[in-house]
Amino acid sequence: MKRILSMVLVTMMCVLAANVGFAAEGPAIVDFSYEQGEYPDAMYSFAVYQDEGVTWFSAMSGDGVELNINTRVDDAVFEEIAALVEQYKLQDWHGFSEIGEEEAPGHRFSLSVLFDEEGEIFAEGQKKYPANYEEANKAIMKFFMDKSVELEEAGLDDEEDIDLEGMEAY
């Protein structure tokens, strides 16, 4: 009897977790934006956001020629971004704001993440970076560049422009 009760309890927990989602993961992301590079021409700017119930994906390079995407995407993209936030512990970056040698231009970044409940992550830096920046930056760039290629291969409406020719390696 105890074994049957245990199996029923485990089954109910699995069903509840599948229907409710894993609430322990925290609030859902509703807006994500990330910029990095050498200002202004070598900057990359990425965003996933909602506008009037539609989720948008945006990716641009500093000159807008190599990479220029603004298209509708499925809400599931937020789950992929949430996995990056969790894996690289980007919440630990919140409040980071440092600038290296102010006179010389250099690599810079900014990160903004908004959640459906109160809360945000905001970080920025120029020639100064939070812990694990290099690893996280590579993963974020790879995610957005791969997603850009995926969207290009899937084809977009005529109003939405993608041009990846000449794209530098990330």
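I began with Lys142 and Asp146, which both sit in helix H3, four residues apart, about one turn of the helix. Helices here are DSSP runs of H or I, at least four residues, numbered from the N terminus.

The model is predicted: local features need pLDDT of at least 70, side-chain atom pairs count only at pLDDT 80 or more, and totals for chains, interfaces and linings use all residues. Residues are numbered from 1 along each chain as its sequence is written, and side-chain values use heavy atoms, with hydrogens and water left out.

**Entry: pairs within H3**

I checked the Lys142 and Asp146 side chains. They form a salt bridge, with the closest N and O atoms 2.6 Å apart. My rule for a salt bridge is a side-chain nitrogen of Lys or Arg within 4 Å of a carboxyl oxygen of Asp or Glu. By this rule I get four salt bridges.

I then looked up accessibility. Buried means under 20% relative accessible area, exposed over 50%, and partly exposed in between, with a 1.4 Å probe and protein chains only. Lys142 is partly exposed at 41%. Asp146 is partly exposed too, at 33%.

Next I took Glu134 and Lys138. Their side chains meet in a salt bridge at 3.6 Å, N to O. Both residues lie in H3, four residues apart, about one turn of the helix. Glu134 is exposed at 57%, and Lys138 is partly exposed at 48%.

**Entry: from H2 to H3**

I moved on to Glu80 and Lys147. Their salt bridge is 3.1 Å, N to O. Glu80 lies in helix H2 (residues 77-87) and Lys147 in helix H3 (residues 133-154), so this pair ties together parts that are 67 residues apart in sequence. Glu80 is partly exposed at 37%. Lys147 is buried at 10%. I also noted a network of salt bridges that links Glu80, Lys147 and Glu150.

**Entry: helix packing**

I looked up how the two helices pack. H2 and H3 make an angle of about 160°, with their axes 10 Å apart. Axes are lines fitted to C-alpha atoms, for helices over the stretch in contact, and angles run from 0 to 180 degrees between N-to-C directions. H2 is therefore roughly antiparallel to H3, a term for angles over 145 degrees.

Last, I listed the contacts, meaning heavy atoms within 4.5 Å. From H2, Val77, Glu80, Ile81 and Leu84 meet Ala139, Ile140, Phe143, Phe144 and Lys147 of H3. By class, I find seven nonpolar, no polar and two charged residues in this contact. Ala, Val, Leu, Ile, Met, Phe, Trp, Tyr, Cys and Pro count as nonpolar, Asp, Glu, Lys and Arg as charged, and the others, Gly among them, as polar.

Note on methods:
Parallel < 35°, antiparallel > 145°, perpendicular 65-115°, else oblique.
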